[in-house]
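Here is a short briefing for a first look at this model. Start with the sequence and structure, then read the points below.

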There are 2 protein chains.
Amino acid sequence: MNTADLGLPVDVPSTALFTDQYELTMLQAALKAGTAERRSVFEVFTRRLPEGRRYGVVAGTGRVLDAVENFRFDAGVLGFLRERQIVDEATLDWLAGYRFTGDVWGYPEGEVYFPGSPIMRVEGSFAECVLLETVILSILNHDSAIAAAASRMSSAAGSRPLIEMGARRTHELSAVAAARAAYVGGFTTTSDLAAGFRYGIPTVGTSAHAFTLLHDTERDAFRAQVDALGRGTTLLVDTYDVAEAVRTAVEVAGPELGAVRIDSGDLLLVAHPGRQQLDELGATDTKIVVTSDLDEYAIASLAAAPGDADGVGTQLVTGSGHPTAAMVYKLVARAESDDPRAPLVPVAKKSSGGKTSIGGRKWAARRLDEDGVAEAEVVGTGPVPAELAGRQLQVELVKDGEVLAREPLDVVRDRHIAARAGLPLSAIQLSRGEPVLPTEYVQVPSGN
Amino acid sequence: MNTADLGLPVDVPSTALFTDQYELTMLQAALKAGTAERRSVFEVFTRRLPEGRRYGVVAGTGRVLDAVENFRFDAGVLGFLRERQIVDEATLDWLAGYRFTGDVWGYPEGEVYFPGSPIMRVEGSFAECVLLETVILSILNHDSAIAAAASRMSSAAGSRPLIEMGARRTHELSAVAAARAAYVGGFTTTSDLAAGFRYGIPTVGTSAHAFTLLHDTERDAFRAQVDALGRGTTLLVDTYDVAEAVRTAVEVAGPELGAVRIDSGDLLLVAHPGRQQLDELGATDTKIVVTSDLDEYAIASLAAAPGDADGVGTQLVTGSGHPTAAMVYKLVARAESDDPRAPLVPVAKKSSGGKTSIGGRKWAARRLDEDGVAEAEVVGTGPVPAELAGRQLQVELVKDGEVLAREPLDVVRDRHIAARAGLPLSAIQLSRGEPVLPTEYVQVPSGN
C-alpha cells in the first residue's frame, strides 16, 4: 500500500524504527542460533485494568494494521543500523527483505476488554513477530487508554455531544490519535484539523479569548466574528463579564446566534443564569457550550445543567488519570524444535516476580446470561466449548501478511456503543470498582 | 529548510494541521475585520506547576523551531480546508502564502521555570502568531512534562545511568519526543531506535523474556545471545529462577559477562543476593541493570542497592503522574489600532473564573542570593532593573522568521544540569512542596 494513500498529514514512510533496540538484537541472536524461524504465537493482553475501572476499550487496531503494513527497512534505516553497529551484516540483509507474512487475529476495534482478554494475537516466525512488539504496544496502549476515558465521558454525557479539544495538551501526533480514539469512545467532534484531515472526524471551533482581546471592544470582536462566520457561530462570552457578554452577543447576532461558549468559572453556576438570560433575550435556540477542564465526573455533574455540548481537553488526552493501558506482548507458544513441521508448545515466564502469564494460543468468548447481558469473559486454550462457539470475540485481521479489512471509524464507534450496552449496567457507573465481568480461564493442558 | 534534512524517521511535510480549527476561523474573522495585521505579542507560561513539584523544565524548544519553520499550507491541506468549508477563499489565499515572519524569544531549552515564567514569546501580526498556538503548546506541554519527570529521576539516580525504555507505553511518536525530553532531563540512553535515528541519542537493548522462552533451555538462550552479541551483553535473568539464571549466565559468558538484567520482583531484595552471587562467581565487573516499573521514588530507594543502571519506562513517558504541563499561549499585548505604527497596549482576560493573566510583554530574570544560589524568579514589564540585567533568561530564537540557532542536545542537557544545580538544594527533594523559587512581579503600568 502506498502510504500517500493514507492521506496522512504526516507521512510515515516506515514504522520500522518505532522499535526497541532489543527486538533487533534478539533477532540477530536468533538468526545466528537457527531459532529465528521457529513458528511463534505472541499475544497482547493486560494483567489488570487501571485501578477502579470497570472495562477497557480496544482502540488503535486500524492504526496497528497501517503500522504492520508499513514496517519496512529502507536504505536510510539500514544505514543507520549499520553505522551505529546495532546489528550485524547478516541481520541487516534479513531486515532489508522484511515484510510481515504472518497472521493477526484480535478483538475488533471498539470492543471492550478485561484482564486477560487476548486482545491481539500475532503468529508467524519468531523473527517476523518479535520485531512488531514495540509499535503494536505503543499504538494499543495509547489509543486504548484514551478510548477508555472517552467512553466513560460519553456515557456520562448521555445525549449531549462531546467535543475533543485536547490537542494542545499532548504531543502533536498523539493528539491526532487521541481524537481518533475519542471518536471511537463516543465523542462527536474534534478541534484538531489533522484528525479531520487524516480520519475524517468532524471538526469544530470558532474563537478564543485572544480574538476578543485583539479588538477594541468585545462588541467589535463579536461583530467581526458574526460578519465572518455568520449568526450560527459560537461566541466566547467569558473574557470579561459573562452576563454583559451574553447580552452583547444576542444584540450583535440576534436570536439566531448559534451558541455561546463558557470556558471558565463554576460551569454549573454560570450555565443556569446563562440559559435564563438567553431565554429572556429571546435566544431560546441558542446553545450553551462549556469547556473548562472537564472530566467524566464534571460531565456527569453537568447533566443537570442547561448545557448543549461539552468540550473536553486535558483529561481526555491524558486518559483521565490513566494515560496508558498496561498491555503487554508475550510469547505464549512456539515450535517445539527448528523442524518447520514441529508442533507448537505453550511457553510462559515463571519467575516469582508476579509477572506470570498463561501459555498457549487462546480463544476468547463473552458468555451471556439468560437476559442476553454479558456475564463473563471466557478465555481458553484448546477446543472452544460448543455453547460459546457463536460468542467468540477474535476476528482475523491479517492473513499471510495481507490486511484483510479496514473499517470506517463510524462502524468502530457503533461497535463500541453496542459492546458497552451489552455489559451489566454497573459498567457505566463512574465510581471505582472491579472489572464488570470476571475473566474465567478454561485450560486444556495439551491443547494448542 | 528541507524537511528531509531533519533525518526524521517520520517525515513532517507540514505542521500546519496540528492546529485547532478556531485558530483558522479567528484568522478569517480578523482578516475580514481588518484587524489581522495588528502587531501582537503572545506569551507561553503556566499558572502553576503540577501539584507538589518544585520546578519545571523547559523542553521541546528545538522541536518548536522545526514546527514553526515547517508550518506551511500546501495544496493538499488547502484542498481539505476548502472541501470541508472550514474557512473562506480569502483566508485560503492568505494561508497559501503563510510563512512566519515574526520573532520568537524564550527560555533556552533545558532551563528551569516556575509559575508565571514567560517561557516563550511570539511576536508578529495577530494572524501569523495566532495560528501557531496549538502546535507550540502541544510540543512544550508534552516535552516539558516528560523532562520534568526525567529530571527528578536523574537527580534521584545520582551517578547511576538511566535508560529510557517507555516507547511501548505511549504513542509511537510521543515516544521519540519523550526519549529526547528524557535525555534533556538527564537520562543517558534510550531503547527507542527512532530516537537514536532522529536525535542521535545513544540506544541500548539486548533481549526480552520471549528470547529465553523461544529456546529449549535458558542455557541455550544465553549461549545464543552471547554467541551473537558477545560476552559484554546483558542477559535477562528473571524468566524462571534468578539465582539459577545468574549461575548459568556466568557459566556461559564467563566473568566477562557485561551485565544481568532483572525485570520483576522486589528489586532491592533481588539485587543484593544477585550482586553477592556474581561476586562469588568471580564476575565482580558484571553489572546489574534493574528495570521493573520504576519511578523517581523507586530509583531513590535503589540508591542503596548494588544496581549499576536503571531502566525506566511507563513512569517516564507518562510524566510520573503529570503527563502534561499546564502551559497556555496568551495574547498579552497588541497594537492599539489598525495603524501599522500604532503602539502596543497590554491586554488580559479579566473574567471571574480564576483564569486571569497579566498583560504586557514580559522580561524575566533569576535573582541570586549572595552565595550565588537562585532566590527568585523575577518577571516584569517595562525596563529591566540594572541589577538584573545580566541575569535575564530569555534568548532570541527566531528573528524575522529565521531560526537563529539549533543546539546539540548535549548542550541542552548540560544547561539543564547546571540550571538545576543553581537552585536551592530543596529543589531536588522528591517530597511534595511549593515551587522552590517564588515568582516576583515587577509591574510598570505604562511600560510595554
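The two copies meet through the same surface, because 100% of the interface residues of chain A are also interface residues in chain B. Contact here means heavy atoms within 4.5 Å. This is a predicted model, in which local features need pLDDT of at least 70, side-chain atom pairs count only at pLDDT 80 or more, and totals for chains, interfaces and linings use all residues; side-chain values use heavy atoms, with hydrogens and water left out. Residues are numbered from 1 along each chain as its sequence is written, while chains are lettered from A and ligands numbered from 1 in the order in which they are written.

**Confidence**
- Mean pLDDT, the predictor's confidence in each residue from 0 to 100, is 93 for chain A, and 95% of its residues reach 70 or more.
- Residues 1-11 of chain A have pLDDT below 50, and this stretch has 29 contacts in the model beyond near neighbours in sequence.
- The model's scores are ipTM 0.95 and pTM 0.96.

**Annotated domain**
- UniProt, in an unreviewed entry, lists residues 17-141 of chain A as "domain: Nicotinate phosphoribosyltransferase N-terminal".
- UniProt positions are given in the numbering used here, feature names are shortened, and annotations may be inferred rather than shown by experiment.
- Residues 17-141 of chain A are 42% helix and 18% strand, with end C-alpha atoms 18 Å apart.
- Helices (H or I, at least four residues) and strands (E, at least two) are DSSP runs, numbered from the N terminus.

**A helix contact**
- Leu24(A), Leu27(A), Gln28(A) and Leu31(A) in H1(A) meet Thr91(A), Trp94(A) and Leu95(A) in H4(A).
- The residues of this contact between H1(A) and H4(A) comprise 5 nonpolar, 2 polar and no charged (Ala, Val, Leu, Ile, Met, Phe, Trp, Tyr, Cys and Pro count as nonpolar, Asp, Glu, Lys and Arg as charged, and the others, Gly among them, as polar).

**Backbone detail**
- Asp400(A) is not a glycine, yet has a positive phi of about 50°.
- Asp400(A) sits in the loop between strands E16 (395-399) and E17 (402-403) of chain A.
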